[in-house]
Amino acid sequence: MSPHPLLDVDQVPDLESRLRAVGEVFRGVGALRTQDSGCVTYGVRLPDGTRWCVKEAITGPAQRSLDRAWAFHRAVRHPVIVPHLHRIAVRDGRTATVMPWRAGEPLYGPAPADAHRSHPDRPLSRFRALPVPRILGALDRVLDAHLAVEAAGQVAVDLYDGSFLYDFEGDELHLIDLDEYRPGPFTLAADRLPGSRRFMAPEEWRRGAVIDIRTTVYALGRTARLLLDAGDDERAFRGTAAQLTVVERATRADPGERFGGVRELAAAWRAASQT
């Protein structure tokens, strides 16, 4: 069997040149450089028609996140989570990871300065306008994936709408860029964790706080609240009163008052959704 042009290569001096030599780079530096991430992500179509995603760290902090992601993906596998299958050494001690390509759009991602995420043409607004059953189906996939995260002893860090890759045509949601997920519990040794203010629990802003599975519960509660709302002002929740009660418990400021873990949250959410 011939070597795979991406999965069977261990080191290259210049990643973009290598990718252009083995296939068609259909997305490159400008299109998929995530804001403040320090990474560049490429889409590559090989001659056999298969598509791949390759993410390269170009800064020291980004490399540390990519190393953390590599460890996370060795511990957690789930159909909703796009896996890191292989990594390639590149210049200056950096690496790139190879992932299968998944169709879809991040619900929050790079956009023109005048295109706020609430603009009706933006992916998040289009997602929020979907029929409620489709949104509930996507949320169920997010919860199911985090049952696997919990089972592996990992906690969510920097989960936000940019992590949700949604295929509007195929009605499929996948999780991407979980680079800050890590084993837990742990004590926060910095002034704050990376993440979006809209999704972060109070303890993620407090040096010395314990970050554990209840912090993940908070992020998942915020996910349900924000994706089921018609807008960013959180005044038009499209779910039921029973679902909103689950969200309110999941996002209490005191971790001890939240659900004890993802399994407990998922059970309460699914019971509320059935009623």
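These legends go with close-up views of one predicted model. Local features are described where pLDDT is at least 70, side-chain atom pairs count only at pLDDT 80 or more, and totals for chains, interfaces and linings use all residues. Residue numbers start from 1 along each chain as its sequence is written, and side-chain values use heavy atoms, with hydrogens and water left out.

**View A. An open five-stranded sheet with antiparallel pairing.** The strands line up as β1-β2-β3-β5-β4. Here strands are DSSP runs of E with at least two residues, helices are runs of H or I with at least four, and both are numbered from the N terminus; two strands pair if DSSP finds at least two bridges between them. At the edges sit β1 (24-27) and β4 (86-89), each pairing on one side only. From one strand to the next, the twist averages 30°. Look between β2 (residues 39-45) and β3 (residues 51-57) for 7 bridges; V44 has W52 in β3 as its bridge partner.

**View B. Two helices lying across that sheet's strands.** Helix α2 (residues 60-75) lies across β2, β3, β4 and β5, at about 45° to β5. Angles run from 0 to 180 degrees between N-to-C directions, using axes fitted to C-alpha atoms, for helices over the stretch in contact; contact means heavy atoms within 4.5 Å.

**View C. Q243 in helix α6 (residues 241-250).** With 2% relative accessibility, Q243 counts as buried (under 20% relative accessible area; exposed is over 50%, partly exposed is in between, with a 1.4 Å probe and protein chains only). Its side chain gets to the backbone nitrogen of T240 at 2.9 Å. Beyond neighbours within four places in sequence, Q243 touches L136, L228, F237, W269, A272 and S273.

**View D. Helix α5 (residues 213-227), largely enclosed by the rest of the structure.** Of its 15 residues, 14 are buried, so α5 is largely enclosed.

View E. Most residues other than glycine have a negative phi, and most peptide bonds are trans.

Terms used: A polar contact is a pair of N or O atoms within 3.5 Å; within protein, one must be able to donate a hydrogen and the other to accept it, and residues adjacent in sequence count only if both atoms are side-chain atoms. The expected span of a helix is 1.5 Å times one less than its number of residues.
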